[in-house]
Amino acid sequence: MSMSNQGETTTLQLALAWAFVGIPLLWGVINTLEAAAKLFS
Amino acid sequence: MALLSYLDRERTVAGPGFSRWMVPPAALAVHLSIGQAYAFSVFNLPMTKLLGISQSAPNDWKLTELGWIFSIAIVFLGLSAAVFGRWVEEGGPRRAMFTAGLCWGGGFLVSAVGVYAHQLWLIYLGYGVLGGCGLGIGYISPVSTLIKWFPDRPGMATGMAIMGFGGGAFIASPLSVWLMGNFSTATHIGVAEAFIALGVIYFCFMMAGSVMVRVPAPGWRPAGYVAPAQPRKLITTRDVFVYDALKTPQFWLVWWVLCLNVTAGIGVLGQASAMSQEMFPGHVTPVAAAGFVGLMSLFNMGGRFFWASTSDVIGRKNTYFCFFAIGTVLYALVPTTGQLGSVTLFVCCFLVIISMYGGGFSTVPAYLKDLFGTRYVGAIHGMLLTAWSAAGIFGPVLVNYIREYQIDHGIPKAQAYNVTMYLMAGLLVIGFFCNLAVRAVSERHHMREDAMARQGARG
């Protein structure tokens, strides 16, 4: 994740940064949705 | 020394070509970590059986004693955000995120020692005091940075970060259960090991955030964005010094706006499971109630992004008008849903209410930015978070004590929440008028040009 202050941000850097936080969050949301589905069963 | 200088604000100034979309993930890395606080309760029950293992032994900790851990952490969240707000603002986001990571990760490690030694005071000190400081510093650290990167959409930007705080529990809850399961044996409950693992994971996660974060160069503007030359209604183009903000009625009006909105939401958030089962006996099972709580958490998180983004379009004041007007109607409607026996209507009411509870947190930084400018918004936000600490006490106390009073006076459990709901509606009416009273900050509170130039030179 380390980047120099200089130079353009690449698409790969952006994708990695968002995946870094997005994947754990998505995992947590799916877990919660599975639990929430029990309300309707 | 090299590490310390790496943390300086000057070292975080972005060069040309840096994408501002790198900053929200940096902020999320911190907020998703400290959002674990909402899931701390998963440790409560295991920690009542550390000695007895299968059941509580006489010397095991009581749930009432363990409940203080979270309360101390929330109190220190508010205190540290208020005390360290100016330091966070002037030292820059990287130093603040790094410090928050040290406090948050270190808090878990000290707590692990407390579990090993079976010394509860060490957990109060570790998770409560040290972790609470990590919560406060971490919570406010990315706010003003995001506002500076997204002057065109400050609500959306802060909404994204603060959404992470709501979402942190989704990750922490199953992760904690999984870790404890892995470290537990027939003769040992793996709470201490889970604390160590969480401390290390969160520290690394927050360090990644602190490495990624950048502040915009002075004078930077997004492509195509033209800052309004003249102030509009509530939106100032000037800055107010952090301690001068406290002298304005606007700060205290917004303090009450946040406090009342949070009081109404936090009380029912903690009681949602019990309330749904008691209002609809036989219809809502404990498993379904757990699903309801999960759904509420999702709307709490989603509301943070949705309402803060909406505030960029309709304005902060109008957004809070929505919270208070719609919230009043929905709270007043809840007893009727019980009388009608409509679980669906009950669930819908609370999902909207809880989305607005989350929205209250995420919209307030942009509201402060509108009123007090961007320079000290993080520090002012820190001071405002004392409203959260106060609401954390008022809300649950109101809901719990009124319910107990009702039941003690012979009211059936299914109707024991009616008075509370009407009271919450009443609190929101007061909040509506506090919000109505908010006007633009008087020019006499604005920083003078020479002071702004001096502060500007510092970053």
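View 1. With 15 C-beta neighbours inside 10 Å, B:His118 counts as partly exposed (buried means 20 or more other C-beta atoms within 10 Å of the residue's own, exposed means 12 or fewer, and partly exposed lies in between; C-beta atoms are placed from the backbone). This is a predicted model, in which local features need pLDDT of at least 70 and side-chain atom pairs count only at pLDDT 80 or more, while totals for chains, interfaces and linings use all residues. Residues are numbered from 1 along each chain as its sequence is written, and chains are lettered from A and ligands numbered from 1 in the order in which they are written. The loop that holds B:His118 runs between helix H5 (93-117) and helix H6 (120-140) of chain B (helices, H or I of at least four residues, and strands, E of at least two, are DSSP runs numbered from the N terminus). B:His118 is not a glycine, yet its phi is positive, near 50°.

**View 2. B:Ile53 in the loop between H3 and helix H4 (63-91) of chain B.** Phi of B:Ile53 is near 65°, a positive value in a residue other than glycine. B:Ile53 is partly exposed because 16 other C-beta atoms lie within 10 Å.

**View 3. B:Ser41 in the loop between helix H2 (23-34) and helix H3 (44-47) of chain B.** B:Ser41 has 17 C-beta neighbours inside 10 Å, so B:Ser41 counts as partly exposed. B:Ala157 is 116 residues from B:Ser41 along the chain, and their C-alpha atoms are separated by 29 Å.
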